[in-house]
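Here is a short note for a colleague who is new to this structure. The points are numbered and may be read with the structure alongside.

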Amino acid sequence: MKVRVRGSGLTASRGVVVRDYITFAIKLSIDGIKDIFLLQLASVAALADLLIGGEGRPRLFYRVVRLSDRFDRLLNLNGALETAEAASDAIPPGAR
């Protein structure tokens with residue numbers, strides 16, 4: 001993997017860019033589907049909390065929010081940036 005830092009931007013070989021783009025596009029699509037699904041689920045959970053929820057009862061809505069947070073961490077949408085930044089740190093200063 002060939003990644004270098006120039007100024008404030010990252011550079012990478014074309015193969016790395018293509019791989020990271022495809023990975024990002026797939027993850028972004030999955031994230032969009034997740035958002036559509038979770039919007040429906042959150043709406044039902046919030047409505048259920050308002051209609052049948054009593055004081056001191058765990059709220060379904062917050063379970064949906066927690067599920068969304070866990071999925072976002074698993075998906076790691078911006079993982080390509082973290083990988084590129086870590087790889088650029090591994091390049092000796094004289095090679096930049």
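1. Asp69 is partly exposed, with a relative accessible area of 35%, where buried means under 20% relative accessible area, exposed over 50%, and partly exposed in between, for a 1.4 Å probe and protein chains only. Asp69 forms a salt bridge with Arg73, the closest N and O atoms being 3.2 Å apart; a salt bridge here is a side-chain nitrogen of Lys or Arg within 4 Å of a carboxyl oxygen of Asp or Glu.

2. The model is a predicted one, in which local features need pLDDT of at least 70 and side-chain atom pairs count only at pLDDT 80 or more, while totals for chains, interfaces and linings use all residues. Residues are numbered from 1 along each chain as its sequence is written, and side-chain values use heavy atoms, with hydrogens and water left out.

3. By the salt-bridge rule the count comes to five, and salt bridges that share partners join Asp31, Lys34, Asp35 and Asp72 into one network. Within it, Lys34 forms a salt bridge with Asp72, the closest N and O atoms being 2.8 Å apart; since Lys34 lies in helix H1 and Asp72 in helix H2 (residues 60-75), this pair ties together parts that are 38 residues apart in sequence. Lys34 is buried at 10% relative accessible area, whereas Asp72 is partly exposed at 35%.

4. Lys34 also forms a salt bridge with Asp31, with 3.3 Å between the closest N and O atoms. Both residues lie in helix H1, three residues apart, about one turn of the helix, and both are buried.

5. Helices are DSSP runs of H or I with at least four residues, and strands are runs of E with at least two, numbered from the N terminus. Helix H1 has 39 residues (14-52) and should span 57 Å at 1.5 Å a residue, which agrees with the 55 Å between its end C-alpha atoms; the expected span is 1.5 Å times one less than the number of residues. Leu50 is found in helix H1 and counts as exposed, at 71% relative accessibility. Leu50 and Phe61 are eleven residues apart in sequence, and their C-alpha atoms are 9.9 Å apart in space.
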